[in-house]
Amino acid sequence: MCPKTSKTTPVLLIGVIGFVIVLVVITGITLINNINLSNIIRLNEKVASDSVSANDNQIKELNFVNNHPRNIYVKLNSSILPNENDSDSDDDDDSPGETRTADQIHQEMISVAHNDAATDADADAYADTHVPPKLSAVIWQNDRKSNVLANTITTTTTTESMMVMMMKPTPPSHKVEKNDTNVGALPFGGITQPNSGLIDYEKRAHVVQMMQHAWHNYKLYAWGKNELRPLSQRPHTGSIFGSYDLGATIVDGLDTLYIMGLEQEYKEGRDWIERKFSLDNISAELSVFETNIRFVGGMLTLYAFTGDPLYKDKAQHVADKLLPAFQSPTGIPYALVNTRTGIAKNYGWASGGSSILSEFGTLHLEFSYLSDITGNPLYRERVQTIRQVLQEIEKPKGLYPNFLNPKTGKWGQLHMSLGALGDSFYEYLLKAWLQSGQTDEEAREMYDEAMTTIMDKMVRKSTNGLIYVSDLKFDRLEHKMDHLACFSGGLFALGAATRQNEHADKYMEVGKGITNTCHESYIRAPTKLGPEAFRFSDAAEARALRSQEKYYILRPETFESYFVLWRLTHDQKYRDWGWEAVQALEKHCRTAHGYCGLRNVYQAEPVKDDVQQSFFLAETLKYLYLLFSDDSVLPLDEWVFNTEAHPLPIKGANIYYRQAPATQPAPNAS
Ligand code: DMJ
């Protein structure tokens with residue numbers, strides 16, 4: 001028995017040792033593998049979590065920037081890449097990893113959809129519902145690092161998180177080619193992003209129907225004349241443009257028809273302008289200001305929208321008729337000019353032969369743009385002269401009085417106002433800067449100086465907390481606000497939204513406050529429409545006290561501020577307030593043959609004034625329509641509204657700018 005045992009023992013021992021060695025090796029390899037694997041997993045988890053938190057932060061930042069009211073103006077479009085020609089590569093250094101543009105990412109998402117889908121049709125369906133047309137690319141103003149962040153995403157970013165970042169579509173925007181006059185027309189109805197969720201279709205359609213009512217009755221009873229008398233069903237010959245057949249309502253209302261997509265009506269208007277509109281062979285004494293903001297402004301917008309040379313020629317034709325008014329010793333234009341003789345003069349009532357600030361100060365946008373589309377620098381030179389005079393002149397208390405003598409270059413009465421006689425001068429300071437693509441720094445500085453002084457010396461709060469802007473007469477505040485000054489709610493807010501400076505918060509507070517006060521002036525009247533002027537005293541707030549202040553003539557200023565504040569904040573209350581106004585207009589101002597103003601907004605059954613103002617079509621209905629539209633219809637970073645609500649393109653940001661190559665002034669230009 002023993003020998004048998006002794007023969008098998010070494011073999012068994014070798015076998016056991018061998019087995020143990022194999023076991024140790026296998027365990028060791030497994031352990032090493034496991035250690036590596038868990039490291040890799042942990043590493044991956046860390047990378048993933050870092051990547052997620054980086055993405056989370058980016059998403060948070062983008063959401064914040066997207067939703068921040070200040071940034072309506074600083075949205076960029078996906079076609080604007082980090083400046084390719086920029087030799088300064090600092091930005092690239094700060095953005096680690098390979099970067100891709102929004103368009104590249106967009107393409108990649110479509111191809112991911114195709115790779116993952118069973119069929120091409122499935123992939124297309126997926127891409128249609130999940131891949132938005134553009135990356136929402138947003139920057140902080142003057143912050144080029146964020147520009148890079150917003151326009152590119154590092155390759156470590158997952159497709160899924162890109163989807164989150166791309167949820168919010170951006171209004172289409174355009175990289176502008178130089179001297180590009182040949183772009184097509186802006187589509188009828190503007191550009192509307194599908195599924196933006198921001199269109200109030202029902203209310204907007206109601207405003208369109210109001211426009212049709214106003215237009216069709218004008219066409220029926222006053223076609224080619226300036227305005228309509230809806231009650232008498234005949235032309236209004238007592239308008240500022242008199243009985244001449246200038247078609248003020250056509251020229252003023254045509255861009256609103258275009259924006260609303262009312263093609264048939266638009267074509268009728270265009271046809272009339274082509275066949276009938278001319279200032280030749282008439283001897284009219286025209287207001288330089290009114291003719292500029294309604295006719296030149298209206299034609300310029302139509303040219304920007306369509307590229308139709310008809311409108312450029314007509315704009316130039318009208319502006320040329322106004323040029324003799326600029327022949328004063330200072331270059332400050334007179335208020336009135338005769339279209340046949342070229343003789344210009346001022347109103348007899350205007351402080352010792354003065355020109356009026358809101359009139360000569362409201363030419364800059366139109367004349368500058370006209371120079372750019374005609375290639376003739378003369379128009380810009382004229383308004384630059386005005387700018388220079390205003391820049392250099394001494395400002396009493398840091399403010400601009402309403403009257404300036406064009407012969408002596410001296411101020412008239414020391415009345416200051418953001419309402420009548422002053423209003424749109426301040427508007428054009430900010431808007432000249434915006435229109436120039438924020439390069440006209442002089443204008444922005446003048447705006448900031450003027451508005452901060454106004455906040456200090458003229459903006460007040462009532463006993464019950466309503467913010468208003470009073471007039472200043474010599475040293476005395478008149479605690480009264482014109483309806484006209486209600487546009488300044490939007491103006492202050494735009495100032496805040498377009499530059500993050502030390503005044504921005506205060507501008508926004510005052511802008512919202514003034515808009516709220518104007519709304520109060522409406523809802524404190526039984527008609528729910530606001531008076532021409534309202535006062536603040538111990539006895540009354542936001543209420544007209546004098547009989548000559550109680551009328552409402554279809555003015556747009558309050559709705560203009562609702563629109564601007566809506567765009568900047570998306571606070572639903574501005575739309576609610578606009579809808580209240582629509583209902584009030586329908587109840588009190590609508591007649592069977594168009595819309596009228598009211599003689600007294602404090603009467604439950606007010607008497608109508610029998611005038612359908614051309615600005616009702618140009619401004620009031622346009623702002624209400626835009627209030628219920630989404631932000632892609634005339635985005636505020638591409639368009640700036642003249643004081644008659646005619647949108648003009650922003651230089652460098654809008655393909656419809658249609659800049660022409662520069663030419664020399666015509667030899668006979670005066
Ligand atoms: C319009 O013609 C313009 O808005 C102008 O600047 C002031 N007044 C009217 C509308 O109220």
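I began with the side chain of Thr-643, which makes a polar contact with the side chain of Glu-427 at 2.8 Å. For a polar contact I took a pair of N or O atoms within 3.5 Å; within protein, one must be able to donate a hydrogen and the other to accept it, and residues adjacent in sequence count only if both atoms are side-chain atoms.

I noted the ground rules next. The model is predicted, so I read local features only at pLDDT of at least 70 and side-chain atom pairs only at pLDDT 80 or more, while totals for chains, interfaces and linings use all residues. Residues are numbered from 1 along each chain as its sequence is written, and side-chain values use heavy atoms, with hydrogens and water left out.

**Thr-643**

I placed Thr-643 in the loop between β22 and β23. Helices (H or I, at least four residues) and strands (E, at least two) are DSSP runs numbered from the N terminus. Thr-643 counts as buried because its relative accessibility is 15%; buried means under 20% relative accessible area, exposed over 50%, and partly exposed in between, with a 1.4 Å probe and protein chains only. Not counting residues up to four places away in sequence, I listed its contacts as Phe-289, Ile-293, Thr-362, Ser-424, Glu-427, Tyr-428 and Glu-619. Contact here means heavy atoms within 4.5 Å. An unreviewed UniProt entry places the feature "binding site" at Thr-643. UniProt positions are in the numbering used here, feature names are shortened, and annotations may be inferred rather than shown by experiment.

**Ligand**

Which polar backbone atom lies 2.7 Å from an oxygen atom of the ligand? I found that it belongs to Thr-643. An N or O atom in the side chain of Arg-555 is also 2.7 Å from a ligand oxygen, and for the side chain of Arg-294 the corresponding distance is 3.4 Å. The ligand taken alone exposes 290 Å², and the protein buries 92% of that. Accessible areas come from the Shrake-Rupley method with a 1.4 Å probe; for residues, only the protein chains shown count as cover.

I then looked up the shell. The elements that give two or more residues to it are α10 (288–306) and α21 (614–627), and α10 has the largest share, three residues. The residues around the ligand are Phe-289, Ile-293, Arg-294, Leu-484, Arg-555, Pro-556, Glu-557, Phe-615, Glu-619, Thr-643 and Glu-644; a residue is near a molecule or strand if one of its heavy atoms lies within 4 Å of it. By class I counted five nonpolar, one polar and five charged residues. Ala, Val, Leu, Ile, Met, Phe, Trp, Tyr, Cys and Pro count as nonpolar, Asp, Glu, Lys and Arg as charged, and the others, Gly among them, as polar.

**Annotated active site**

The unreviewed UniProt entry gives "active site" for Glu-290, Asp-423, Glu-532 and Glu-557. I checked two of these.

Glu-557 is in helix α19 (residues 557–569). Why does Glu-557 count as buried? Its relative accessibility is 9%. Leaving aside neighbours within four places in sequence, Glu-557 is in contact with His-483, Leu-484, Cys-486 and Phe-487.

Asp-423 is in helix α15 (residues 423–435). I have Asp-423 as buried too, at 12% relative accessibility. With neighbours within four places again left aside, its contacts are Ser-358, Ser-417, Leu-418, Leu-484 and Phe-487.

**Helix α13**

I found 11 of the 11 residues of α13 (residues 364–374) buried, so this helix is largely enclosed by the rest of the structure. The cover over its buried residues includes α10, α11, α14 (378–392), α15, β22 and β23 (647–649). Gly-375 follows α13 and has a positive phi, near 80°.

**Other positions**

His-317 lies in α11 (residues 309–322) and is buried, with a relative accessible area of 17%. Beyond four places in sequence, His-317 touches Phe-277, Ser-278, Leu-279 and Asp-280.

Pro-635 is in the loop between α21 and β22 (639–641). I have Pro-635 as buried at 6% relative accessible area. Pro-635 and Ile-191 are 444 residues apart in sequence but 9.3 Å apart in space, C-alpha to C-alpha.

**Whole chain**

I logged 21 helices and 23 strands. Of the 670 residues, 57% are buried. Residues 24 or more positions apart account for 72% of the contacts with a separation of 6 or more. The accessible surface of the chain is about 28200 Å², 53% of it belonging to carbon and sulfur atoms.
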